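User: I am new to this structure. Please look closely at a single loop, then connect it to the rest of the chain.

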Amino acid sequence: MGYRNLVDCHIHSDNSNDAHHSVTLICEKAVSKGLRAISITDHCECLKYQEKQYATTCRQSNFEVLKARTVFEGQLVISSGVEIGNPTRDLLAANDVLKNKFDFVVASVHRIKGKKKGFRELDYAREGNKPELLMPRYFDDIIETVDWNGFDALAHLTYPLRYFPEHLIADYDIFSEHERIEYILKALAKNGKALEINTLTKEYKAAAITSGMHPCFEILKLFKELGGEYITVGSDAHFADMVGNKIVEAYDMALEAGFKYVTIYEKREPISIKIQ
């Protein structure tokens, strides 16, 4: 289906240490792909706040968004944002970065307590890194983040599945964690927070539950049933060419789950955009 009002609310510029292109190039790509609005959400990993000088990179990202708004006025709505990783592990860092006047704050967990490496870097050949051992700890960290409540949207719920080898998750049932998942979704709904549909996926032939978005359709539908009102969609682009990737599929999924609107943010306030 062709949609108007396409938005991408999770994009990394070269102010993130793992991304590659400028805010200006990202905006040019967004305009060329017919997007109505984007959010630049560069990384701020609270566990390495001082080491990686995130205070500086977040300010720079915010400044570049402000400049881009002038250049692309009338063509594209550009929100200044931040992806704040593991905020509860260093609340002083989290509070410091949030002094910036962001439009949008998306929270994430990339690394669980007790692990020196994030899910992207873990050695999954080790016995202790099986999904049934790691996922309960991941969801516990998400619960802590949700209870903190200092964000607007929760990013890529079920994120670790992006990195598990296929043979480990072929028989893994994500809903073995139903109690934790339901707690998270109820808390988001109660607090008026958004759940993100993250379209950066890894395709698995043997595990259909993980071959779609993060989270999967079943979790998104459960969020709606539990009273969830707001959803955001984001490509998690780290290259300009990835901007807008699979947003149409995310809109399809949102409609099927019962959502009629996606959400963008201005000055931390939600703005509903009809899916049409």
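Analyst: **The loop and its surroundings**

P215 sits in the loop between β6 and α7 (217–225). Helices (H or I, at least four residues) and strands (E, at least two) are DSSP runs, numbered from the N terminus. The peptide bond from H214 to P215 is cis, and its omega is near 5°.

This is a predicted model, where local features need pLDDT of at least 70, side-chain atom pairs count only at pLDDT 80 or more, and totals for chains, interfaces and linings use all residues. Residues are numbered from 1 along each chain as its sequence is written, and side-chain values use heavy atoms, without hydrogens and water.

Now the sheet. β6 belongs to an open sheet of seven strands, ordered β1-β2-β3-β4-β5-β6-β7, with parallel pairing. Its edge strands, β1 (7–11) and β7 (230–234), each pair on one side only. Helix α8 (residues 247–257) packs on this sheet and touches β1, β6 (194–198) and β7. Contact here means heavy atoms within 4.5 Å. The direction of α8 makes about 160° with that of β7. Axes are lines fitted to C-alpha atoms, for helices over the stretch in contact, and angles run from 0 to 180 degrees between N-to-C directions.

Strands count as paired if DSSP finds at least two bridges between them. I11 has I40 of β2 as its bridge partner.

Strands β8 (residues 261–266) and β9 (residues 269–274) pair in the antiparallel sense, over six bridges. T263 stands opposite S272 in β9. The two strands form a hairpin with two residues between them. K267, in the turn, has a positive phi of about 55°.

H156 lies between β5 (153–154) and α5 (166–169). Its phi is near 25°, a positive value in a residue other than glycine.

Side chains make links too. There are 13 salt bridges, each a side-chain nitrogen of Lys or Arg within 4 Å of a carboxyl oxygen of Asp or Glu. One of them joins D103 and R69 (2.4 Å, N to O). This pair links distant parts of the chain, 34 residues apart. D103 is in the loop between α3 (91–97) and β4 (104–108), and R69 is in helix α2 (residues 54–71).
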